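Dear colleague,

Please find below the structure that I am handing over to you. My notes on what was found in it follow.

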Amino acid sequence: MSINTILHVVGNAWPEICDDPACPICFGSDRPPDGRGNTGVSLRGTDFHILVDFGQGTHAGIRRSNLPAPGLILATHAHPDHVAPMELDTLAKSIRDSGLASVPIVTTHQTWEMLPEFQRNQFRHIPIEPGHTISVDVGSETATVIALDASSHFRGGVVFFIHVADFSFGALFDLRDWTALDHSQLEDLDVAVIEANSLNPMSDKTGHVSIAEDIAFLNSLSQPPRLSLLTHYGHDDPVRHSQGSLVSLLQGLAPHLSVRMAYKGMVVPSTSLPPRNPVAILDDRTNLVVGVAEKKEAHERSLLHASVLILVCDHTGLLQIYERHERQSYPGCLDAFGGHMQPSDGGAPKVTAMREGTEEILLFARGGRRLVLEESWLRQIGPDYLLESTAQTNKERSTVFFVTLPEDVILRACDETDDGEQVELITHTFSLSELEELFAKSPGRFADGLARILQQMQVNPEFRAEVATSVERQQT
Ligand SMILES: [Zn+2]
Ligand SMILES: [Zn+2]
Ligand SMILES: [Zn+2]
């Protein structure tokens, strides 16, 4: 199921505060029109709609997105940019009109007591306290909601973690600091909407965390969210920024993090999020990278992707072939080294070969010192994407590389099993002709990658000659 995160209002806004009509920040086009601080975010699955906070403009956003009335509402804290009484009034009416039973609001007792009584009467309170986890049914799903303390920002304030239908979301609005939170809750989220009141740390003055603190915090996680969206940016910094300036600055400050400024109306489908284990998806005609998917998804959905296959040869001209682990596909079969291209390889098979080779081919000098794979030991055989697999579960184009190991370099093979454990693998040595004979006799002993190389050698004399030359070069 794809779950959409929809940001109705994001509170990134700053007023015209200088008198200069030529000022590009105060009077320019790149100043967001949203109300300062106003926050309202929906999570929309096939049959559920969860709303977190309802700052001014939230209901208009729900209408614009064509969403049904929410079946569950969460409120972080009673500041009017998050809990706007008039918005709640409109929501109550839309819920009545759609014939839903009274909708629950998950919030702390303190926040609930701060709502006007006539509005409390139109909703049902599900109390939650910092540190508590509750389960709430919404549509045909059960959402798990965890609250963590944010009372240093405002009394009764919490931030929420929502886990629903394999999707995990952090509603991390309006915090004074990150240090008090239980960081284990913040690992491995799919999407986090994060408060970013200013660029510089100045919570003493503003009561809110800054982009600088957000980035330091995200850097401290071993699995930061797949996407972090920054909200609530205002006018407190000594230097003023346009939205474009913030977008560029973030890229410079955190090129390695998936963190962006949020904008009003933003819709993020869970199916578009950066995968944890990304595989580059190719355009069929040009081989340009046009998509990215989890490795498992690329195989299951028959998406055309790129890989490299690496033959390793020692200084005596013997090929080093590894045996696949019992917890890998093709268990016990002989295979070439290699792996999938990731978008960060920049569409260059050689970059993939260096990265995968470094991971899988562990090299040691005599005496045990670890050596790194050197680019000069690697050469490509045949053109890019020469070998195509059209198997239903693996639509893949592979580029072949040859690694020649210098004398006195010892190889140990290492790879991940299908359940993600790093294991050492058994290797065997063959001369090229031994390997070709074995393949002719028992093709079933070969995994798909090495089998494709050997098949290509049977039908493509030029390719076979290139492999043979590479082996012979070693022997002389
Ligand atoms: Zn100005
Ligand atoms: Zn706020
Ligand atoms: Zn607040």
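A residue is called buried when its relative accessible area is under 20%, exposed when it is over 50%, and partly exposed in between (1.4 Å probe, protein chains only). Phe446, with a relative accessible area of 4%, is buried, and Phe439, at 6%, counts as buried too.

Please note that this is a predicted model, in which local features need pLDDT of at least 70, side-chain atom pairs count only at pLDDT 80 or more, and totals for chains, interfaces and linings use all residues. Residues are numbered from 1 along each chain as its sequence is written, chains are lettered from A and ligands numbered from 1 in the order in which they are written, and side-chain values use heavy atoms, with hydrogens and water left out.

Rings of Phe, Tyr and Trp (its six-membered ring) pair if their centres lie within 6.5 Å; planes under 30 degrees apart count as stacked, over 60 as edge-to-face and the rest as tilted. The count is 4 aromatic pairs. For Phe439 and Phe446, the ring centres are 5.1 Å apart and the planes stand at 80°, so this pair is edge-to-face.

Helices (H or I, at least four residues) and strands (E, at least two) are DSSP runs, numbered from the N terminus. The buried residues of helix α9 include Pro349, Met354 and Glu360. Among the elements covering them, by contact (heavy atoms within 4.5 Å), are β17 (305–313) and β26 (409–416).
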